[in-house]
Amino acid sequence: MGNRRAAELYETGRTLRAAGRFGEAIAAYHAALELQPAFPEAANNLGNCLRIVWRLDDAEAAFRSALAARPDFGEAWSNLGATLKNLGRADEAVLCLEKAVEACPEDASLHSNLIFCRHYASLDDPQKAQMEERRWNEVHARALRDKGPLVRRDPAPRRRLRVGFVSSGFREQAQSFFTIPLFESLDRTAFDLVAYSDLAPGDDVTERIRRACTEFRSVENVSDADLAARIAHDRIDILVDLTVHAARNRLPVFARRPAPVQVSWLGYPGSTGMTSIDYRLTDPWIDPPGKTDERYAEQSWRLPNTFWCYDPLAERPAISELPSLATGQFTFGCLNNFSKTNAPTFARWSRVLEAVPDSRLVLLAPPGSARQRALEALRVAPIRVQFADFQPRERYLETYRAIDLGLDTFPYNGHTTALDSWWMGVPVISRRGRTAVSRAGYSQANNLGLPEFAVDSDDAFVAAAIDWAENRARLAALRAGLRERMSGSPLMDRSRFARAFEGACRAMWDHCSASWKPAVPAPAHGRRF
């Protein structure tokens, strides 16, 4: 009887979670586990609900309970890894995600989670990332190449092109700060823009994106095979992936080759590892010409200036005066995703705080063990660390008004968060490395004409932070003009970026057209240009 009632409570929890009633779902799963403690599916779902409401320590305990009952539970290993990553324990998370892939080698999404998490790990190792990406291609993508729809297009090089974008990010979230300026600036006489949106429901930002598109398709519950067929039916010429290996990617769609030209951009400046994706967009700072091309399965297409074109989608709040001039206390800050922190990053920050007496650090971190771990690693009095919570965007931006200087993470630099910081008048000291994600700060600083903010060693990072803290008048002058500098830079020149993107698309299409072969009879699932 107890097991039957536990099963009923489990189903109730699933229904409540689907309805967004997470507190009630958590109670239902707890009740099920009281009746049946060894119930790994209930413990796993409990952990997922706890993650959603940011009770990460409790989520970790729930996933470990699920794995104690079922050690080969691949999904629970993956969820535990994601939770540890959110707690700033990426090295441990990688080990969990390796176990997830070992338990479920056929699950492409679990394998993507491992690839994505490796970018957060403390070692800056391009070779490991490359090996895992190419293994994903061999296991999950290569066999799908001949299962795609028949693709034939008019090869005329100068005709109007249909460009499709696939993403779950067409809503109020970081990705939209980059898609909106591009979508609203594309030359609609030369390009049709078709969005394939893997989300429901949308919001006001979704509606703004919808208005910028020629066509907007909701594909949340569409299978990969059916979505590939839909894209082929829509006669898309160039298909753009906006997610890479981040959550809810649709890379198996691209593996089926529904478009003659396929491109990866924006999710993060890395590689899919897929031979069915022709190009990855990057820039000369992230990938210096002739230095990194062999790392990627795709051909690197360098946009002239920047990988990002940023629009904060808000004019407020205004930049404040340098806060330390009024308070006398210098404030460093990092509002990056806490997943990007690690022991070496905390060690750098600790050296900075030690060298600048009476300074403090504002740090975005989830409550619980993550904050305690940060305090222990920073080795300063708790009063010198102020923790920020996750907040609505305007309140989050307000936090920068109390920060004098940003300290970046490594090897995964701040990307959107760093651009937010620059926009709010807070320059960011970054350390550049060998991987693409570790060179974001270098790209942004150079596009702002401030290369001195991107350094190449721990010692240089600490020295730069100390130097700016000791030269507050100079920092105040930089802060006062930083929004104007940002607005006038390639990082916010949407027209320049759109022309560069259009030029890339046209050149890719010209290359495709030059190698065009007349269509010949093909099997039902073959691919012919």
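**View 1. An open sheet of 6 strands in a predicted model.** In this predicted model, the 6 strands of an open sheet follow the order E10-E9-E8-E11-E12-E13 with parallel pairing, where strands (E, at least two residues) and helices (H or I, at least four) are DSSP runs numbered from the N terminus, and two strands pair if DSSP finds at least two bridges between them. Strand E10 (385-388) and strand E13 (454-455) are the edge strands, each pairing on one side only. Residues are numbered from 1 along each chain as its sequence is written. Local features need pLDDT of at least 70, side-chain atom pairs count only at pLDDT 80 or more, and totals for chains, interfaces and linings use all residues, while side-chain values use heavy atoms, with hydrogens and water left out.

**View 2. Strands E8 and E11.** Strand E8 (residues 331-334) runs parallel to strand E11 (residues 405-407), and 2 bridges join them. Phe332 has Leu405 in E11 as its bridge partner.

**View 3. Helix H14 across the strands.** Helix H14 (residues 343-355) lies across E8, strand E9 (360-364), E11 and strand E12 (428-431), and runs at about 150° to E9; axes are lines fitted to C-alpha atoms, for helices over the stretch in contact (heavy atoms within 4.5 Å), and angles between N-to-C directions run from 0 to 180 degrees.

**View 4. Helices H19 and H20.** Helix H19 (residues 458-470) lies across E8, E11, E12 and E13, at about 170° to E12. H19 packs with helix H20 (residues 472-487) at an angle of about 90°, their axes 5 Å apart, which makes H19 roughly perpendicular to H20 (65 to 115 degrees). Asp467, Trp468, Ala469 and Glu470 in H19 meet Arg472, Arg474, Leu475 and Leu478 in H20.

Technical notes. Parallel < 35°, antiparallel > 145°, perpendicular 65-115°, else oblique.
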